[in-house]
Amino acid sequence: FVFSEPNFDAHEQVVFACEPKSGLKAIIAVHNTNLGPAMGGCRMWNYRDEAQAVNDVLRLSRGMTYKNAVAGLPIGGGKSVIIGNPKTDKTPALFEALGEALERLGGRYVTAEDVGTHHHDMAHVASKTSYVAGLGASGDPSPYTALGCFVGAQAAVKHHLGRDSMEGLVVALQGLGNVGYDYARRLKQAGARLIVADIDQAALERAQAELGAQVVAVEAIYDVEADIYAPCALGATLNLGTLDRLKARIVAGAANNQLATAEIGELLRQKGVLYAPDFVINAGGIIKVCYEYLDKPENEVEAHVRRIGETLAEVFVRADREQLPTSTVADRLAEARFKR
Ligand code: NAI
(Lines give C-alpha, C1' and ligand atoms only; values in the text may rest on other atoms or scores of the structure.)
Protein backbone atom coordinates (compact mmCIF):
# COMPACT_ATOMS: atom_id res chain seq x y z
CA PHE A 1 0.00 0.00 0.00
CA VAL A 2 0.90 3.60 -0.32
CA PHE A 3 0.40 5.61 2.79
CA SER A 4 0.03 9.06 1.34
CA GLU A 5 -1.21 12.06 3.28
CA PRO A 6 -4.96 11.83 3.71
CA ASN A 7 -7.36 14.70 3.59
CA PHE A 8 -8.33 15.44 7.18
CA ASP A 9 -10.81 18.17 6.48
CA ALA A 10 -13.88 16.29 5.50
CA HIS A 11 -14.69 13.21 7.58
CA GLU A 12 -18.01 13.15 9.37
CA GLN A 13 -17.01 10.66 12.03
CA VAL A 14 -14.05 8.49 12.98
CA VAL A 15 -14.51 5.85 15.63
CA PHE A 16 -11.93 3.76 17.46
CA ALA A 17 -13.47 0.41 18.29
CA CYS A 18 -11.46 -1.53 20.86
CA GLU A 19 -12.64 -4.62 22.69
CA PRO A 20 -10.03 -6.21 24.96
CA LYS A 21 -11.55 -9.69 25.30
CA SER A 22 -11.45 -10.42 21.59
CA GLY A 23 -8.41 -8.21 21.03
CA LEU A 24 -10.28 -6.05 18.51
CA LYS A 25 -8.52 -2.85 17.58
CA ALA A 26 -10.39 -1.28 14.72
CA ILE A 27 -10.97 2.15 13.27
CA ILE A 28 -14.16 2.99 11.44
CA ALA A 29 -14.18 6.09 9.27
CA VAL A 30 -17.43 7.55 8.00
CA HIS A 31 -16.37 10.03 5.37
CA ASN A 32 -19.65 11.25 3.95
CA THR A 33 -23.29 10.19 4.17
CA ASN A 34 -24.99 12.85 2.05
CA LEU A 35 -26.06 10.28 -0.53
CA GLY A 36 -26.87 7.48 1.93
CA PRO A 37 -25.23 5.24 4.52
CA ALA A 38 -21.46 5.05 4.16
CA MET A 39 -20.40 1.81 2.52
CA GLY A 40 -16.92 0.34 2.07
CA GLY A 41 -14.99 -2.76 3.01
CA CYS A 42 -13.18 -3.79 6.18
CA ARG A 43 -9.45 -4.20 5.69
CA MET A 44 -7.34 -6.27 8.07
CA TRP A 45 -3.67 -5.45 7.97
CA ASN A 46 -0.60 -5.69 10.13
CA TYR A 47 -0.20 -1.93 10.40
CA ARG A 48 3.10 -0.67 11.77
CA ASP A 49 1.24 1.47 14.30
CA GLU A 50 -2.08 3.16 14.90
CA ALA A 51 -1.05 6.27 13.01
CA GLN A 52 -0.52 4.25 9.89
CA ALA A 53 -3.93 2.61 10.31
CA VAL A 54 -5.62 5.98 10.81
CA ASN A 55 -3.92 7.31 7.72
CA ASP A 56 -5.08 4.36 5.68
CA VAL A 57 -8.69 4.37 6.84
CA LEU A 58 -9.08 8.12 6.25
CA ARG A 59 -7.67 7.85 2.75
CA LEU A 60 -9.70 4.75 1.86
CA SER A 61 -13.01 6.01 3.24
CA ARG A 62 -12.69 9.26 1.32
CA GLY A 63 -12.00 7.25 -1.82
CA MET A 64 -15.21 5.30 -1.29
CA THR A 65 -17.30 8.48 -1.21
CA TYR A 66 -15.90 9.45 -4.60
CA LYS A 67 -16.27 5.97 -6.05
CA ASN A 68 -19.84 5.47 -4.86
CA ALA A 69 -20.92 8.95 -5.95
CA VAL A 70 -19.52 8.64 -9.48
CA ALA A 71 -21.07 5.18 -9.79
CA GLY A 72 -24.48 6.76 -9.17
CA LEU A 73 -25.16 4.66 -6.06
CA PRO A 74 -27.44 5.84 -3.22
CA ILE A 75 -24.69 5.36 -0.64
CA GLY A 76 -21.95 7.39 0.96
CA GLY A 77 -18.34 6.50 1.64
CA GLY A 78 -16.72 4.79 4.58
CA LYS A 79 -14.19 2.16 5.44
CA SER A 80 -12.94 0.24 8.44
CA VAL A 81 -9.58 -1.25 9.28
CA ILE A 82 -8.67 -3.89 11.83
CA ILE A 83 -5.15 -3.69 13.17
CA GLY A 84 -3.80 -7.23 13.16
CA ASN A 85 -2.31 -9.98 11.11
CA PRO A 86 -5.00 -11.52 8.90
CA LYS A 87 -3.08 -14.81 8.77
CA THR A 88 -2.74 -15.32 12.53
CA ASP A 89 -5.04 -12.98 14.47
CA LYS A 90 -8.49 -13.79 13.16
CA THR A 91 -11.12 -15.25 15.48
CA PRO A 92 -14.91 -15.30 15.31
CA ALA A 93 -14.98 -13.15 18.48
CA LEU A 94 -12.93 -10.45 16.76
CA PHE A 95 -15.45 -10.08 13.97
CA GLU A 96 -18.39 -10.34 16.36
CA ALA A 97 -16.91 -7.45 18.32
CA LEU A 98 -16.64 -5.47 15.11
CA GLY A 99 -20.30 -6.28 14.42
CA GLU A 100 -21.23 -4.88 17.84
CA ALA A 101 -19.31 -1.69 17.08
CA LEU A 102 -21.14 -1.32 13.75
CA GLU A 103 -24.45 -1.89 15.50
CA ARG A 104 -23.66 1.00 17.87
CA LEU A 105 -23.19 3.23 14.82
CA GLY A 106 -26.80 2.49 13.93
CA GLY A 107 -26.29 1.98 10.21
CA ARG A 108 -24.26 5.06 9.41
CA TYR A 109 -21.61 2.66 8.09
CA VAL A 110 -22.08 -0.66 6.29
CA THR A 111 -19.09 -2.96 5.92
CA ALA A 112 -18.08 -5.74 3.52
CA GLU A 113 -15.01 -7.84 2.84
CA ASP A 114 -11.79 -6.25 1.65
CA VAL A 115 -8.06 -6.97 1.62
CA GLY A 116 -7.31 -9.37 4.48
CA THR A 117 -10.95 -10.24 5.22
CA HIS A 118 -13.22 -12.83 3.70
CA HIS A 119 -16.96 -13.33 3.44
CA HIS A 120 -16.64 -16.06 6.09
CA ASP A 121 -15.42 -13.33 8.47
CA MET A 122 -18.35 -11.16 7.48
CA ALA A 123 -20.72 -13.94 8.54
CA HIS A 124 -19.43 -13.47 12.12
CA VAL A 125 -19.96 -9.71 11.80
CA ALA A 126 -23.50 -10.46 10.61
CA SER A 127 -24.26 -12.43 13.78
CA LYS A 128 -24.22 -9.09 15.64
CA THR A 129 -25.44 -6.57 13.10
CA SER A 130 -27.30 -6.28 9.83
CA TYR A 131 -25.00 -3.47 8.66
CA VAL A 132 -22.84 -5.77 6.58
CA ALA A 133 -22.99 -6.47 2.86
CA GLY A 134 -21.64 -9.01 0.42
CA LEU A 135 -22.14 -12.07 2.57
CA GLY A 136 -21.42 -14.35 -0.30
CA ALA A 137 -25.01 -15.26 -1.03
CA SER A 138 -24.50 -14.50 -4.70
CA GLY A 139 -20.76 -14.73 -4.75
CA ASP A 140 -17.72 -12.77 -5.57
CA PRO A 141 -18.03 -9.18 -6.90
CA SER A 142 -14.80 -9.49 -8.94
CA PRO A 143 -16.48 -10.50 -12.23
CA TYR A 144 -18.46 -7.26 -12.08
CA THR A 145 -15.29 -5.29 -11.45
CA ALA A 146 -13.77 -7.02 -14.48
CA LEU A 147 -16.82 -6.18 -16.60
CA GLY A 148 -16.55 -2.51 -15.57
CA CYS A 149 -12.89 -2.49 -16.57
CA PHE A 150 -13.70 -4.02 -19.91
CA VAL A 151 -16.44 -1.53 -20.83
CA GLY A 152 -14.17 1.21 -19.50
CA ALA A 153 -11.35 0.07 -21.78
CA GLN A 154 -13.79 0.01 -24.71
CA ALA A 155 -14.80 3.60 -23.98
CA ALA A 156 -11.14 4.65 -23.80
CA VAL A 157 -10.30 2.91 -27.09
CA LYS A 158 -13.24 4.58 -28.78
CA HIS A 159 -12.36 8.02 -27.46
CA HIS A 160 -8.60 7.96 -27.82
CA LEU A 161 -7.94 5.62 -30.73
CA GLY A 162 -11.20 6.23 -32.59
CA ARG A 163 -11.91 2.50 -32.76
CA ASP A 164 -15.02 0.48 -32.00
CA SER A 165 -13.13 -2.77 -31.71
CA MET A 166 -10.35 -4.23 -29.58
CA GLU A 167 -9.24 -6.49 -32.42
CA GLY A 168 -5.46 -6.64 -32.64
CA LEU A 169 -4.81 -4.25 -29.75
CA VAL A 170 -2.02 -5.23 -27.38
CA VAL A 171 -2.78 -5.09 -23.65
CA ALA A 172 -0.05 -5.19 -21.00
CA LEU A 173 -1.88 -6.62 -18.02
CA GLN A 174 -0.36 -6.64 -14.56
CA GLY A 175 -1.91 -9.05 -12.06
CA LEU A 176 -3.97 -12.10 -13.06
CA GLY A 177 -5.98 -12.34 -9.85
CA ASN A 178 -9.74 -12.45 -9.36
CA VAL A 179 -10.33 -9.32 -11.41
CA GLY A 180 -7.32 -9.39 -13.73
CA TYR A 181 -7.91 -12.87 -15.06
CA ASP A 182 -11.55 -12.28 -15.85
CA TYR A 183 -10.73 -8.96 -17.49
CA ALA A 184 -7.99 -10.68 -19.53
CA ARG A 185 -10.49 -13.29 -20.67
CA ARG A 186 -12.89 -10.61 -21.90
CA LEU A 187 -10.10 -8.75 -23.69
CA LYS A 188 -8.99 -11.93 -25.40
CA GLN A 189 -12.55 -12.70 -26.49
CA ALA A 190 -12.72 -9.22 -28.01
CA GLY A 191 -9.63 -9.92 -30.11
CA ALA A 192 -6.89 -8.27 -28.04
CA ARG A 193 -3.43 -9.77 -27.61
CA LEU A 194 -2.26 -10.14 -24.03
CA ILE A 195 1.15 -9.60 -22.50
CA VAL A 196 1.00 -10.39 -18.79
CA ALA A 197 3.00 -10.30 -15.58
CA ASP A 198 2.29 -11.77 -12.16
CA ILE A 199 4.28 -13.10 -9.23
CA ASP A 200 2.09 -16.21 -9.24
CA GLN A 201 3.52 -18.80 -11.59
CA ALA A 202 0.33 -20.85 -11.73
CA ALA A 203 -1.70 -17.84 -12.86
CA LEU A 204 0.81 -17.15 -15.60
CA GLU A 205 0.75 -20.73 -16.85
CA ARG A 206 -3.03 -20.69 -16.93
CA ALA A 207 -3.07 -17.44 -18.91
CA GLN A 208 -0.57 -18.86 -21.38
CA ALA A 209 -2.53 -22.05 -21.85
CA GLU A 210 -6.07 -20.66 -21.87
CA LEU A 211 -5.63 -17.17 -23.27
CA GLY A 212 -2.49 -17.48 -25.37
CA ALA A 213 -0.91 -14.74 -23.27
CA GLN A 214 2.75 -13.85 -23.59
CA VAL A 215 4.50 -13.67 -20.22
CA VAL A 216 7.06 -11.06 -19.23
CA ALA A 217 8.99 -10.54 -15.99
CA VAL A 218 7.22 -8.59 -13.26
CA GLU A 219 9.29 -5.44 -13.74
CA ALA A 220 9.23 -5.64 -17.54
CA ILE A 221 5.50 -5.00 -17.80
CA TYR A 222 6.12 -1.23 -17.80
CA ASP A 223 8.34 -1.44 -20.89
CA VAL A 224 6.01 -3.49 -23.06
CA GLU A 225 5.04 -2.10 -26.46
CA ALA A 226 1.30 -2.05 -25.85
CA ASP A 227 -1.80 -0.02 -26.65
CA ILE A 228 -3.31 -0.43 -23.19
CA TYR A 229 -1.67 -0.80 -19.80
CA ALA A 230 -4.01 -2.59 -17.39
CA PRO A 231 -2.83 -2.41 -13.76
CA CYS A 232 -4.76 -5.07 -11.82
CA ALA A 233 -2.41 -5.81 -8.93
CA LEU A 234 -0.90 -3.01 -6.90
CA GLY A 235 -1.52 0.68 -6.27
CA ALA A 236 0.79 3.56 -7.22
CA THR A 237 2.21 1.89 -10.33
CA LEU A 238 1.84 5.18 -12.18
CA ASN A 239 4.74 7.09 -10.71
CA LEU A 240 7.80 9.09 -11.72
CA GLY A 241 9.77 5.88 -12.13
CA THR A 242 7.33 4.20 -14.53
CA LEU A 243 5.89 7.13 -16.47
CA ASP A 244 8.73 7.44 -18.98
CA ARG A 245 8.80 3.72 -19.51
CA LEU A 246 5.13 3.30 -20.41
CA LYS A 247 4.46 2.95 -24.13
CA ALA A 248 0.70 2.45 -23.88
CA ARG A 249 -1.61 5.27 -24.90
CA ILE A 250 -4.36 4.14 -22.55
CA VAL A 251 -4.37 3.11 -18.89
CA ALA A 252 -7.43 1.04 -17.96
CA GLY A 253 -7.16 -1.29 -15.00
CA ALA A 254 -8.76 -2.33 -11.73
CA ALA A 255 -6.12 -1.49 -9.13
CA ASN A 256 -7.02 1.08 -6.49
CA ASN A 257 -4.98 4.27 -6.14
CA GLN A 258 -3.04 3.91 -9.36
CA LEU A 259 -1.59 7.43 -9.31
CA ALA A 260 1.31 7.67 -6.86
CA THR A 261 0.58 11.38 -6.52
CA ALA A 262 -2.14 13.61 -7.92
CA GLU A 263 0.38 15.33 -10.22
CA ILE A 264 0.86 12.13 -12.19
CA GLY A 265 -2.62 12.68 -13.65
CA GLU A 266 -1.45 15.86 -15.34
CA LEU A 267 1.82 14.25 -16.48
CA LEU A 268 -0.12 11.44 -18.15
CA ARG A 269 -2.26 14.01 -19.94
CA GLN A 270 0.81 15.88 -21.18
CA LYS A 271 2.26 12.61 -22.44
CA GLY A 272 -0.91 11.94 -24.43
CA VAL A 273 -1.91 8.94 -22.32
CA LEU A 274 -5.61 8.58 -21.62
CA TYR A 275 -6.06 7.49 -18.01
CA ALA A 276 -9.35 5.87 -16.99
CA PRO A 277 -9.55 7.05 -13.35
CA ASP A 278 -9.32 4.02 -11.06
CA PHE A 279 -12.29 4.77 -8.86
CA VAL A 280 -14.55 5.18 -11.89
CA ILE A 281 -13.47 2.10 -13.84
CA ASN A 282 -13.25 -0.29 -10.87
CA ALA A 283 -16.69 0.39 -9.35
CA GLY A 284 -18.32 -2.78 -10.72
CA GLY A 285 -17.78 -4.70 -7.49
CA ILE A 286 -19.30 -2.10 -5.20
CA ILE A 287 -22.26 -1.71 -7.56
CA LYS A 288 -22.91 -5.43 -7.22
CA VAL A 289 -22.51 -5.39 -3.42
CA CYS A 290 -24.74 -2.33 -3.07
CA TYR A 291 -27.54 -3.87 -5.13
CA GLU A 292 -27.41 -6.96 -2.97
CA TYR A 293 -27.44 -5.00 0.27
CA LEU A 294 -30.29 -2.72 -0.76
CA ASP A 295 -32.28 -5.60 -2.25
CA LYS A 296 -32.36 -3.96 -5.64
CA PRO A 297 -33.16 -6.21 -8.60
CA GLU A 298 -30.22 -8.41 -9.45
CA ASN A 299 -31.04 -8.40 -13.14
CA GLU A 300 -30.29 -4.67 -13.26
CA VAL A 301 -26.73 -4.95 -11.90
CA GLU A 302 -25.09 -5.65 -15.24
CA ALA A 303 -26.72 -2.65 -16.95
CA HIS A 304 -25.57 -0.43 -14.09
CA VAL A 305 -22.01 -1.73 -14.33
CA ARG A 306 -22.03 -1.16 -18.08
CA ARG A 307 -22.86 2.50 -17.48
CA ILE A 308 -19.26 2.84 -16.25
CA GLY A 309 -18.38 3.02 -19.94
CA GLU A 310 -20.74 5.96 -20.48
CA THR A 311 -19.49 7.75 -17.38
CA LEU A 312 -15.91 7.41 -18.56
CA ALA A 313 -16.81 8.65 -22.03
CA GLU A 314 -18.27 11.76 -20.35
CA VAL A 315 -15.11 12.20 -18.24
CA PHE A 316 -12.88 11.91 -21.31
CA VAL A 317 -14.84 14.48 -23.34
CA ARG A 318 -14.86 16.93 -20.45
CA ALA A 319 -11.16 16.47 -19.80
CA ASP A 320 -10.39 17.31 -23.44
CA ARG A 321 -12.67 20.30 -23.43
CA GLU A 322 -11.34 21.72 -20.18
CA GLN A 323 -7.73 20.64 -20.76
CA LEU A 324 -7.66 18.88 -17.42
CA PRO A 325 -6.44 15.48 -16.24
CA THR A 326 -9.19 12.86 -16.33
CA SER A 327 -8.54 12.25 -12.63
CA THR A 328 -9.43 15.87 -11.82
CA VAL A 329 -12.58 15.73 -13.92
CA ALA A 330 -13.67 12.52 -12.20
CA ASP A 331 -13.09 14.11 -8.78
CA ARG A 332 -15.24 17.07 -9.78
CA LEU A 333 -17.99 14.83 -11.09
CA ALA A 334 -18.07 13.03 -7.75
CA GLU A 335 -18.02 16.26 -5.74
CA ALA A 336 -20.89 17.71 -7.77
CA ARG A 337 -22.95 14.72 -6.66
CA PHE A 338 -22.10 14.34 -3.00
CA LYS A 339 -21.14 17.83 -1.81
CA ARG A 340 -23.83 20.02 -0.33
P1 NAI B 1 -6.16 -10.54 -6.21
O2 NAI B 1 -5.39 -10.58 -4.95
O3 NAI B 1 -7.11 -11.66 -6.55
O4 NAI B 1 -5.14 -10.43 -7.44
C5 NAI B 1 -3.97 -9.69 -7.44
C6 NAI B 1 -3.00 -10.37 -8.40
O7 NAI B 1 -1.84 -9.56 -8.54
C8 NAI B 1 -2.53 -11.73 -7.90
O9 NAI B 1 -2.58 -12.68 -8.95
C10 NAI B 1 -1.09 -11.46 -7.45
O11 NAI B 1 -0.25 -12.60 -7.57
C12 NAI B 1 -0.70 -10.37 -8.43
N13 NAI B 1 0.44 -9.57 -8.02
C14 NAI B 1 0.82 -9.20 -6.77
N15 NAI B 1 1.94 -8.46 -6.81
C16 NAI B 1 2.27 -8.34 -8.12
C17 NAI B 1 3.32 -7.69 -8.83
N18 NAI B 1 4.27 -7.02 -8.18
N19 NAI B 1 3.33 -7.75 -10.18
C20 NAI B 1 2.38 -8.44 -10.85
N21 NAI B 1 1.36 -9.09 -10.24
C22 NAI B 1 1.32 -9.04 -8.89
O23 NAI B 1 -6.91 -9.14 -6.21
P24 NAI B 1 -8.16 -8.69 -7.08
O25 NAI B 1 -9.39 -8.88 -6.30
O26 NAI B 1 -8.06 -9.27 -8.45
O27 NAI B 1 -7.92 -7.12 -7.18
C28 NAI B 1 -6.94 -6.57 -8.03
C29 NAI B 1 -6.84 -5.08 -7.80
O30 NAI B 1 -8.10 -4.47 -8.07
C31 NAI B 1 -6.48 -4.67 -6.37
O32 NAI B 1 -5.70 -3.51 -6.42
C33 NAI B 1 -7.83 -4.37 -5.75
O34 NAI B 1 -7.72 -3.44 -4.69
C35 NAI B 1 -8.56 -3.76 -6.92
N36 NAI B 1 -10.01 -3.88 -6.84
C37 NAI B 1 -10.61 -5.11 -6.75
C38 NAI B 1 -11.98 -5.21 -6.69
C39 NAI B 1 -12.66 -6.53 -6.66
O40 NAI B 1 -13.87 -6.60 -6.94
N41 NAI B 1 -11.98 -7.62 -6.36
C42 NAI B 1 -12.85 -4.01 -6.69
C43 NAI B 1 -12.11 -2.76 -6.85
C44 NAI B 1 -10.75 -2.72 -6.90
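**Ligand shell, sheet and domain contacts in a predicted model**

Helices α4 (142-161) and α5 (178-189) each contribute at least two residues to the shell around the ligand. The model described here is predicted. The shell draws its largest share, 3 residues, from α5. In total, 24 residues surround the ligand, and the closest are T145, G175, G177, A233 and G285. By residue class, the shell around the ligand comprises 12 nonpolar, 10 polar and 2 charged residues.

The chain is assigned two domains: domain 1 covers 13-66 + 73-126, and domain 2 covers 142-338. Their centres, taken over C-alpha atoms, are separated by 27 Å. Contact between the domains involves 11 residues of domain 1 and 10 residues of domain 2. On the side of domain 1 that touches domain 2, α1 provides the largest share, with 3 residues. That side of domain 1 contains 7 nonpolar and 4 polar residues and no charged ones.

Helix α1 (residues 50-70) also packs with helix α11 (residues 326-338); the angle is about 80 degrees and the axes lie 8 Å apart. Because angles of 65 to 115 degrees count as roughly perpendicular, α1 and α11 are therefore described as roughly perpendicular to each other. The contact brings T65, Y66, A69 and V70 of α1 together with A330, D331, L333, A334, R337 and F338 of α11. Of the residues in this contact of α1 with α11, 7 are nonpolar, 1 is polar and 2 are charged.

An open sheet of 6 strands is present, with parallel pairing and the strand order β9-β8-β7-β10-β11-β12. Strands β9 (214-215) and β12 (274-275) form the edges, each pairing on one side only. Within the sheet, strand β7 (residues 170-174) pairs with strand β8 (residues 193-197) in the parallel sense, over 5 bridges. For L173, the bridge partner in β8 is V196. Helix α6 (residues 201-211) packs on the sheet, where α6 touches both β8 and β9. The direction of α6 makes about 170 degrees with that of β8. Because an angle over 145 degrees counts as roughly antiparallel, the value of about 170 degrees places α6 and β8 in that class.

Definitions and conventions: Residues are numbered from 1 along each chain as its sequence is written. This is a predicted model: local features need pLDDT of at least 70, side-chain atom pairs count only at pLDDT 80 or more; totals for chains, interfaces and linings use all residues. Axes are lines fitted to C-alpha atoms, for helices over the stretch in contact, and angles run from 0 to 180 degrees between N-to-C directions. Helices (H or I, at least four residues) and strands (E, at least two) are DSSP runs, numbered from the N terminus. Angles under 35 degrees count as roughly parallel, over 145 as roughly antiparallel, 65 to 115 as roughly perpendicular and the rest as oblique. Two residues are in contact if their C-beta atoms, placed from the backbone, lie within 7 Å. Ala, Val, Leu, Ile, Met, Phe, Trp, Tyr, Cys and Pro count as nonpolar, Asp, Glu, Lys and Arg as charged, and the others, Gly among them, as polar. Domain bounds come from an automatic or database domain assignment. Two strands pair if DSSP finds at least two bridges between them. A residue is near a molecule or strand if its C-beta atom, placed from the backbone, lies within 6 Å of it.
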